Structures are given as structure tokens and as C-alpha cells.
Amino acid sequence: MEDMEKIRRNLQGDLAGPGALEVMVSVDWRGRACKPNKHGGMSAAIFVLGLQAFEMMAIAAVGNNLITYVFNEMHFPLSKSANIVTNFIGTVFLLSLVGGFLSDSYLGSFSTMLIFGFVELSGFILLSVQAHLPKLRPPNCSMISDGEHCQEAKGYKALIFFVALYLVALGSGCLKPNIISHGADQFKQSKRLSTYFNAAYFAFCMGELIALTLLVWVQTHSGMDVGFGVSAAAMAVGMISFISGAPLYRNTPPRGSILTPIAQVFVAAITKRKQICPSNIEMLHGSQNNAPNHLPSASPNVTNLLHTEKFRFLDKACIKIQDGRKESPWKLCTITQVEQVKILISVVPIFACTIIFNTILAQLQTFSVQQGTVMNTHINKTLKIPPASLQAIPYTMLIFLVPLYETFFVPTARKITGTESGITPLQRIGVGLFTATFSMVAAALVEKKRRDCALRGNQTMSIFWIAPQFLIFGLSEMFTAVGLVEFFYKQSLEGMQSFLTAMTYCSYSFGFYLSSILVSLVNRITSSSSQYGGWLGDNDLNKDRLDLFYWMLAGLSIINFLNYLFWSSWYSYNPSLSPSSASQDHESHEEDIEGRSATSK
């Protein structure tokens, strides 16, 4: 770290004054300044993508088939099993905020990923041990034919299950935002970020595809104990891949608590709430608007922001009231601090509009899988498809579609729009939100037909009838999920990438929690009109009204899309982070910094 201080001192002459930039130079695994020709780039990111693929393979195999294990092996009722799964997945994504905070504030992304990767691995091992030992599970019993007499997992059996499950949740949650941000940190040029995010989604799809085919097949034919064991092995391979790339990584050092500067802005603004904002913004503390060293850039790696007119009441935190005397940072903040808080407030509506989208995803991983169990799963007379493996269909499509999107759509759209990524992240999110509605429309139509066939004609439809709902949602996810990650990463200052990226996963969390709330709420409201305790109150889908629940979600989705159109048109980029801003000055400046960093040693 002495090298880092020397670098900063050598650059002070160029970056001095009220418009100074605080330069954050990336370091290697030994804490030395990175060399542009040795560290970073795709040669380093490929090791991170390896962890992305194998970790996704491990947790997807568990999460996507977890409802079958919880229902059939642990003997929880269907609605409770669905809530256990959605609460687990919701917790995974909620804990991503913890991982992002620890990374940006104290540990750095490399150390955070190393620690919590092994935490997740220990959870997979414990799940495998419990599934293997009969004494740690309730006695075997068929929940379909004899559910009332099946013994539900309680006591130490339930304790072991939930400890193992939430070790996986803790490890995976803290890992996910850092996989994305650490990989993106390997690229200096912002125009390559969109390509990296598409590559990361491709790795995600490959992991999901293998999990939903090979690993789910292993779980079905060899038992959940072997399946959980294979997930543990996949996680171990992912950690080996990640550690192998350590000498090549560009690491962003932690900068101390990222929440303190945010809190300082609110405290200072409230303290000076009776002050009047000056009409001349150059009178505000830390103004960069006319500073010669300001770097306009579309890259997230800027450390100062231009002033904007939104939320002017927060500008009061930058008013100097003691000329010549130093004020406490809790009473006087810089414009950059204030603008980062403005960005955080501005992205909240965008974030909120993706919650319904992830509530729809929750249905595909719970009720849609359960739909498949009561349908004809035969491909031919001897070969059957596990219901959870149906989710592999969209990922099979996406491993071909994502490269085509990057190779053909992006260059074509770039010529029309002038945007490096073809369309802006906000536009990409909107396309996905609109498309997701039709996933629930397809699901409702198919479930109505399946239920009618079962009740009136005693016929069992083929499981492939529910494939369209997965295909449509897979297409929508390619737009919304990648667009949201890119949007949050590019709207963050250096040192906050992991935390803002974690907000993407937090949206998944709220979506899955909302699913649990909706299931309980719908059952309570509809219980008076149904003899089975509500639309989703019975363990038998032929007695439930899952089709009506799907129609309700389709209605919520279209309302949510209209809401998104309003907030996305309202949102305005900070000029320092605008996609239309020139990034060449920033990239050459960063290379110059790193070149001098290497020679100053």
C-alpha cells in the first residue's frame, strides 16, 4: 500500500485544487499497482466467468428442483414448500447487499468472493450429508397419495435443513454482485463493458442449462444426496477457476464505509435546511463543472460528478457557512457526494419496477415446476423428462441467442442509435418487462386447458405445453436482467460498483418475497369462494385455480410496464455518467495514470 500512497503523491500536482479527482488505481493481488499489459482484460475475466458458470450450475440445480425435495422428502405442504423456496431464493438475493457493502467498504471483491465462496460450498456439503442419511430426514412417505399421514420435518431435522440451506444463501448472496463487478473491473474501456455483461449472461445460461439437464437428471435418477454432492463439486471447480486467475486480476481497493458519505449528505442537508441554495453553483463546495481536470465519461470509473438540478434540497449540504474555517464532513459535503445520493434516489423507481418481473420468475421456479409433475413427462415409451428440466429450454435457446444479439443486433442498432451497446440499458429493461407479461398469459391459457382436460376428460397433457411460458420469459430475461446489471454498474462511482450491482439482485429478492406474500394473500382472500381453502390452498393442482393466479400476475405485469415507462422517461443521467458522453478522454487518462503508476515503483 506504500506504492499506492507514492502514486497518489506523484499525481497530486496534476490533480490539485478544488476540482481535484481522487484517483483510485487498481492493484494486483499483492497490493502493487497494476500494469496495463499484464493485468485485467478478458484473459483475467475468463476466470471470473468460470466461477459464474460453475456457481450458477451448483445453485440452480438446488434452487430449481428444491420444491420437489422440500415437498417429497421433507414433507412440507405444497404452499409452504413454495414459500420456503421463494424465501430461500429471496434471501440469496437480499444478502447480495451485504456482499456488495463488505466488498466496497472493507474486504475488496477478491477477498469477499474467496470467503463466501467457501461458505456456500460448506452449505452444499451439509445438504448432501442430510439427504444421504435417513436419520436426518423424515420417514419416507408419498405426499400425493398419503399426504395427511406424512411426518413433516421438525426439530433437529428441520434445523439442519435450514442451516444448510441458508449457508448456501449467505455464500451465494455475498458472491453474486462481486462476480459481476469484479469481472467488469477488469476492463478499462467502457465500450467493452456491454460485451462483458453479455458474456457473463452467456456463462449464466450455460450454468443454468447444465444444472437443469445433467444435474437435475442426476437428482432424479441417483437421488438428491448425489445431486447435492455434484453441486458441491461444481462449486469447488468454480472456486479453483477463480483462484487460478488471482495473478491476473485488477483489484479495486476498498475505500472504507460507503454508507458514511451517504449519511453525511442527509445529515448536512437537514442541518442546513433553512439555508437558501445559491443560484451560482460554483459557490457550492467541491464544484467540478468548470474544473479543467474534470473527466466526462460513460464509464463507471469516474470519481467526480457534475451538478444536476434534481433534488435541489440536497444541495444545501454543499453550502459553506464558515468562510476560512474547516467544517465537519457531517455539515459540509462535496457535490460529488450529493450527486451520488441523487443517483441512488433516482434509480429506486427503476429498481422497484423490476420486482413484479421477478415475481413472475418465482412462479416458473415453483408452481410451473409443480405443473409439470401432473403432466405427461414421457418423451417416448422409455424416456421421461424431469419437470424441473423444462426450465432448460429457454437457456438452450439463449446460448445461441446471446451471441447473435452481441454479434448482429448490437452493431446494427449501434449504427442507428449511436449507442455503444446498441440500445441503452433503460430501453433494454423496458423491452424485457413488456415481454414478460406474455409469459403469464401463456401460462394461464395452458393451465386452464390442462385443468379442464384433467377434470372433464381425464386426460393428461404433454409437459411440453408449458414450454412457451419458459421460452417467453427467457427472452425477456435476456433483456431485463442484463440491462439492469449494466444500468446499475454504469451509474456507480468507483468504489461503489459492487453495492449498486447488488441492488440488481435485491430486486430478485423482493420479487420472490412478494411472491410468498401474494400466495398467502390470494389464499386468504379467495378462501371464502373456494371449498379448498383458496386458489392455491390445496396440494392438488386440479382443485386449485392456478390459472386465475397467473392471469392476476399478467395484469400486474402490464400495469408495472406502464409504470416503468413513466419512471424511465423521468430518469435523467448525470452528465458525467451519460451514455452519450465521450469516454475516450477518460480511457486515455486512466491508461496514463496506470503507466505512471508502473514507472513510479
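# Close-up views of a predicted model

Across the chain of this predicted model, pLDDT averages 79, and 84% of the residues score at least 70.

View 1. Where pLDDT is low, the predicted coordinates should not be read in detail.

**View 2. Y201 and F204 form a stacked aromatic pair.** A pair of aromatic rings is described by the distance of the centres and the angle of the planes. A search of the whole structure finds 27 aromatic pairs, and in the one formed by Y201 and F204 the centres are 5.4 Å apart, with 20 degrees between the planes. Both residues belong to helix α9, which covers residues 193-222, and because they are three residues apart in this helix, about one helical turn separates them. Y201 is buried, and F204 is buried as well.

**View 3. F242 and Y249 make up another stacked aromatic pair.** Here the distance from centre to centre is 5.7 Å, and the planes are 25 degrees apart. F242 counts as buried because its relative accessibility is 0%, and Y249 counts as buried because its relative accessibility is 0%.

**View 4. A cluster of aromatic residues is joined by ring pairs.** The residues that these ring pairs link together are Y69, F76, F161, F162 and F228.

**View 5. Two lysines are shown with the tryptophan rings that they lie over, K310 with W570 and K449 with W465.** K310 lies over the face of W570, where its distance from the ring centre is 3.5 Å. K449 lies over the face of W465, and in this case the distance from the ring centre is 5.8 Å.

**View 6. D28 is a buried residue in a loop between two helices.** The loop that holds D28 runs between α1 (2-11) and α2 (42-63). With a relative accessibility of 5%, D28 falls under the 20% limit and therefore counts as buried. If its neighbours within four places in sequence are left aside, D28 is in contact with C34, H39, Y249 and N251. Although D28 and P253 are 225 residues apart along the chain, their C-alpha atoms are separated by 9.7 Å.

**View 7. E73 and R137 form a salt bridge that links distant parts of the chain.** The structure holds eight salt bridges, and in the one between E73 and R137 the closest N and O atoms are 3.5 Å apart. E73 lies in the loop between α3 (66-72) and α4 (78-94), whereas R137 lies in the loop between α6 (109-132) and α7 (143-146), and the two are 64 residues apart.

**View 8. K342 and D315 meet through their side chains in a salt bridge.** The distance from N to O in this salt bridge is 3.0 Å. K342 lies in helix α12 (residues 335-352), while D315 lies in the loop between α11 (259-271) and α12, so that the pair, 27 residues apart, links distant parts of the chain. K342 is buried, with a relative accessible area of 3%, and D315 is buried too, with a relative accessible area of 1%.

**View 9. D452 and K448 form a salt bridge within helix α16.** The closest N and O atoms of this pair are 2.8 Å apart. Both residues lie in helix α16 (residues 425-456), where they are four residues apart, about one turn of the helix. D452 is buried, with a relative accessible area of 19%, whereas K448 is partly exposed, with a relative accessible area of 34%. Elsewhere, salt bridges that share partners join R312, D315, E339 and K342 into one network.

**View 10. Helix α4 is largely enclosed by the rest of the structure.** Of the 17 residues of α4, 13 are buried, and the helix is therefore largely enclosed. At 1.5 Å a residue, its 17 residues should span 24 Å, and this agrees with the 24 Å between its end C-alpha atoms.

How values were computed. Residues numbered from 1 in each chain as written. Predicted model: local features only at pLDDT ≥ 70, side-chain atom pairs only at ≥ 80, totals over all residues. Heavy atoms only, no water. Phe/Tyr/Trp six-rings, centres within 6.5 Å; stacked < 30°, edge-to-face > 60°. Buried < 20%, exposed > 50% of the residue type's maximum accessible area, 1.4 Å probe, protein only. Lys NZ or Arg CZ within 6 Å of the ring centre and 35° of its normal. Contact = heavy atoms within 4.5 Å. Salt bridge = Lys/Arg side-chain N within 4 Å of Asp/Glu carboxyl O. Expected span 1.5 Å × (residues − 1). pLDDT = per-residue confidence, 0-100.
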